[in-house]
Amino acid sequence: MKLAATVPVSLAAILFFSGCRTRPAPIPPAAVAPAAVPDLSGRLAPSPRLIVGRIFALDPAQGFAFVDLGADAPAAALVNGTELIVRTLDLRETGRLVASSHLRGRTLGTRIAAGAPQVGDEVVWLAP
């Protein structure tokens with residue numbers, strides 16, 4: 001008798017938990033309007049400013065700033081004479097640097113060309 005009662009309950013549970021499964025009808029290709037294709041012309045372009053690193057030491061009396069280079073610092077930004085932009089975390093420009101030939105490991109020596117950069121400011125390069 002116990003077996004007779006569990007079989008219908010098991011069958012009902014299987015039907016209940018499997019639910020009604022139907023596949024949606026496929027949309028014929030002719031039904032898709034060309035206007036449904038998204039307009040990609042308004043998409044944002046990547047920023048031309050590439051992060052070089054952060055200032056970790058300053059010598060304002062001599063006009064030097066030392067930059068701790070990031071892992072993906074562009075090689076073209078490290079060339080002697082390249083102008084670099086210094087900005088705060090809220091993207092406010094605080095100065096301009098000029099890269100020098102003093103490159104030791106992940107440290108780049110620069111000359112302060114304009115402004116008053118601070119320790120911790122981000123250094124970026126305006127890619128051509």
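This is a predicted model: local features need pLDDT of at least 70, side-chain atom pairs count only at pLDDT 80 or more; totals for chains, interfaces and linings use all residues.

Colleague: OK, what share of the protein chain's residues counts as buried?
Modeller: Of its 128 residues, 24% are buried.

Colleague: And which elements does the chain have, in what order?
Modeller: There is one helix and there are six strands, running α-β-β-β-β-β-β from the N terminus. Helices (H or I, at least four residues) and strands (E, at least two) are DSSP runs, numbered from the N terminus.

Colleague: What do the strands build?
Modeller: A closed barrel of six strands, in the order β1-β2-β5-β4-β3-β6, with antiparallel pairing. Two strands pair if DSSP finds at least two bridges between them.

Colleague: Let's zoom in on β3. Which strands is β3 joined to by bridges?
Modeller: Five bridges join β3 to β4, and three join β3 to β6. Both pairs run antiparallel. Leu84 has Leu97 in β4 as its bridge partner, while Val86 is partnered by Val123 in β6.

Colleague: Is β3 mostly covered or mostly open?
Modeller: Mostly covered, with four of its five residues buried.

Colleague: What sits between β3 and β4?
Modeller: The two form a hairpin with five residues between them, and Leu91 in the turn has a positive phi of about 65 degrees. Thr88 is in that loop too.

Colleague: Why does Thr88 count as buried?
Modeller: Because its relative accessibility is 12%. Thr88 touches Thr94 and Asp121, leaving out residues up to four places away in sequence. Contact here means heavy atoms within 4.5 Å.

Colleague: New topic: how many residues are in the largest nonpolar core?
Modeller: That core has 14, and Val52, Leu84, Leu97, Leu108 and Val123 are among those with the most contacts inside it. β1, β2, β3, β4 and β6 each give two or more residues to this core, with the largest share, three residues, coming from β2. A nonpolar core is a set of buried Ala, Val, Leu, Ile, Met, Phe, Trp, Tyr and Cys residues joined through side-chain atoms within 4.5 Å.

Colleague: What does Leu108 touch?
Modeller: Its contacts include Val67, Leu78, Leu84 and Ala99, again skipping residues up to four places away in sequence.

Colleague: How many salt bridges are there?
Modeller: Four, where a salt bridge is a side-chain nitrogen of Lys or Arg within 4 Å of a carboxyl oxygen of Asp or Glu. One of them pairs Glu83 with Arg96 at 3.2 Å, N to O. Glu83 is in β3 and Arg96 in β4, 13 residues apart. Arg96 also meets Glu93, at 2.8 Å, and salt bridges with shared partners join Glu83, Glu93 and Arg96 into one network.

Colleague: Why do Glu83 and Arg96 count as partly exposed?
Modeller: Glu83 does because its relative accessibility is 45%, and Arg96 because its value is 25%.

Colleague: What about the salt bridge of Arg92 and Asp90?
Modeller: Their side chains meet at 3.8 Å, N to O, and both residues are exposed.

Conventions:
Residues are numbered from 1 along each chain as its sequence is written. Side-chain values use heavy atoms; hydrogens and water are left out. Buried means under 20% relative accessible area, exposed over 50%, partly exposed in between (1.4 Å probe, protein chains only).
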